Amino acid sequence: MVEILRASEMGFCMGVRRAVQIMQGEASLDVPVFSVGEIVHNPHVVRSLESSGVRQLPGPDEIDGDVGRATAEAVQQGRVAITAHGVGERVVRQLTDAGLDIIDTTCPIVTRAQRYGQKFVRDGWHVIVFGDRGHKEVRGIMGWTFDANGTSHATIFERADYDYLKEQVDSFPGGFPSKIGVMVQTTHRMEDFGRFVSNLMLLQRDRNFEFHIVNTLCHATTGQQEAAAALARQVDVMVVVGGKKSANTRNLREACEEQGTRAYHIEGPDELQAEWFEGVRRIGLTAGASTPDYSIDQVEQRIRELAPE
């Protein structure tokens, strides 16, 4: 008999649940709400909200230019929702100046990271963000690191390995700053952030410098990663449920694979394949922070139909 085990921590995190609940309360077919990109990185949630009257506009990860102005021109009047990933200060100001009614669903943990970036710059520190350059959250954080003259005082570092960091430090325009505020994308892994900080400090060991390191990781996401890794050590195969755009879901799959366990990242039950479960006795199931409970249940039910008795 095949056994299906669920991770002890998985699915909707506090920030996502809060954003979805806000939008469910605001959505109306008579008076639509326009969201600046996907409210959360999960297609099932997005489609559900769209059916209730939420209209999705391009977000910061889809527009290279002025997101605030493009959104204001597209909406002109009415209600605009800032997604759980947040946006930059200039975008908020442009939407406000356009007279739009803003519904802010930014995750409080992301807001905390934005405020740290803003404070670092005000206090004369250069901000280093360890994160994915194209991710909405990271682009939003960067939007809070401008001084009063409109100059950015932040840089994104995307990798933690020593050689990459050495190249970035050695080629830094005007020389690498001596006062650095270090932050991390909230959905990254603690192990990667620890290696990033360690290698960055190692590179600076012969210089006088000041590092102010802030752990801006989401504790719920970190807990999900640890639970997924622990479960992966107990099973033959892992199924990870979540949006393909979801960074935290991709990290869950990596955490499982690092335990030497096969892992498959899917968005829904239709992607499951019977051959994945041939010859296995124990199947592990986990899900990203933007994955609703009903999606997890549907996947488990389909696994039971496909897995051999």
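1. The lining of the second largest pocket divides into three nonpolar, two polar and eight charged residues. This pocket belongs to a predicted model, and its volume is about 250 Å³. Its lining has 13 residues. Asp132, His188, Asp192, Asn251 and Glu254 are the ones that lie nearest the centre of the second largest pocket.

2. Two elements, α8 (190-203) and α10 (247-257), each give two or more residues to the lining of the second largest pocket. The most comes from α10, with four residues.

3. The largest pocket holds about 600 Å³ of space. Its lining is made of 25 residues. Nearest the centre of the largest pocket lie Gly88, Arg90, Arg139, Gly143 and Phe146. The elements that give two or more residues to this lining are α3, α4 (89-97) and α6 (136-142). With five residues, α4 gives the most to the lining of the largest pocket.

4. What kinds of residue line the largest pocket? Nine are nonpolar, eight are polar and eight are charged.

5. Strand β12 (residues 282-287) is mostly covered, with five of its six residues buried. Two other strands pair with β12. Strand β1 (residues 3-6) pairs with β12 in the parallel sense, over four bridges. In this pairing, Leu5 stands opposite Gly284 in β12.

6. Strand β10 (residues 237-241) is joined to β12 by five bridges, and these two strands also run parallel. Here Val237 stands opposite Ile283 in β12.

7. The backbone of Gln76 deserves a look. Most residues other than glycine have a negative phi. Gln76 is not a glycine, yet its phi is positive, near 70°. Where does Gln76 sit in the chain? Its place is in the loop between α3 (67-75) and β4 (79-82).

8. Is Gln76 buried or exposed? Gln76 counts as exposed because its relative accessibility is 62%, and the cut-off for exposed is over 50%.

Methods: Residues are numbered from 1 along each chain as its sequence is written. This is a predicted model: local features need pLDDT of at least 70, side-chain atom pairs count only at pLDDT 80 or more; totals for chains, interfaces and linings use all residues. Side-chain values use heavy atoms; hydrogens and water are left out. Buried means under 20% relative accessible area, exposed over 50%, partly exposed in between (1.4 Å probe, protein chains only). Two strands pair if DSSP finds at least two bridges between them. On a 1 Å grid over the protein atoms alone, a cavity is a set of points where a 1.4 Å probe fits but cannot get out, and a pocket is an open set with protein on both sides within 12 Å along at least five of seven lines; lining residues have an atom within 4 Å of a point. Grid points are joined across faces, edges and corners, and a volume is the space filled by probe spheres set on the points. Ala, Val, Leu, Ile, Met, Phe, Trp, Tyr, Cys and Pro count as nonpolar, Asp, Glu, Lys and Arg as charged, and the others, Gly among them, as polar.
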